[in-house]
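Thanks for coming. I have one structure to go through, and the display comes up first.

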Amino acid sequence: MDCLFCKILAGEIPSTEIYSDDKVYAFADIDPQAPSHILIIPKQHISSVNEIDDSNCAVVGHIFKVASEIAKEEGIAADGYRIVTNIGENGGQTVGHLH
């Protein structure tokens, strides 16, 4: 598989870790579009929201829980923040791994 994020998870491409557990990995975006731009990806390869099913939907809830924890640690929770996911090429998705 030629997935950029899977290569990051495998340690083949360096990243700046923000958070990691057995389900997800969060890292700083290399081209941030906001003062705090952090990507949270499932460790299991899920191409996009279109691939979510009964076998992997729990990780999506976990991603949101982790996002909340990271926002608090980053000091942005009280002021507000955005969570965005793009789906498919026409939706602006540039890496075929849920993030």
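The sheet here is open, with three strands in the order β1-β2-β3 and antiparallel pairing. β1 (17-20) and β3 (38-42) are the edge strands, each with a single partner strand, so one side of each has no neighbour in the sheet. On average, neighbouring strands of this sheet are turned by 15° against each other, direction ignored.

Some provenance before I go on: this is a predicted model, where local features need pLDDT of at least 70 and side-chain atom pairs count only at pLDDT 80 or more, while totals for chains, interfaces and linings use all residues. Residues are numbered from 1 along each chain as its sequence is written, and side-chain values use heavy atoms, with hydrogens and water left out.

On terms, helices (H or I, at least four residues) and strands (E, at least two) are DSSP runs, numbered from the N terminus. Two strands pair if DSSP finds at least two bridges between them.

Back to the sheet. β1 and β2 (residues 24-28) pair in the antiparallel sense over three bridges, and the two form a hairpin with three residues between them. E17 has F27 in β2 as its bridge partner, and Y19 stands opposite A26 in β2.

What lies across β1, β2 and β3? That is α2, which runs at about 155° to β3. Axes are lines fitted to C-alpha atoms, for helices over the stretch in contact, and angles run from 0 to 180 degrees between N-to-C directions. Contact means heavy atoms within 4.5 Å.

F64 is in helix α2 (residues 58-74).

I76 lies in the segment after α2 and has a relative accessible area of 24%, which makes it partly exposed. Not counting residues up to four places away in sequence, I76 touches S36, A71 and Y81. I76 and S36 are 40 residues apart in sequence, and 8.4 Å apart in space, C-alpha to C-alpha.

H45 sits in the loop between β3 and α2. H45 is partly exposed, because its relative accessibility is 27%. Between H45 and L98 there are 53 residues in sequence terms, and the C-alpha to C-alpha separation is 7.6 Å.

That is what I have; discussion is open.

Key: Buried means under 20% relative accessible area, exposed over 50%, partly exposed in between (1.4 Å probe, protein chains only).
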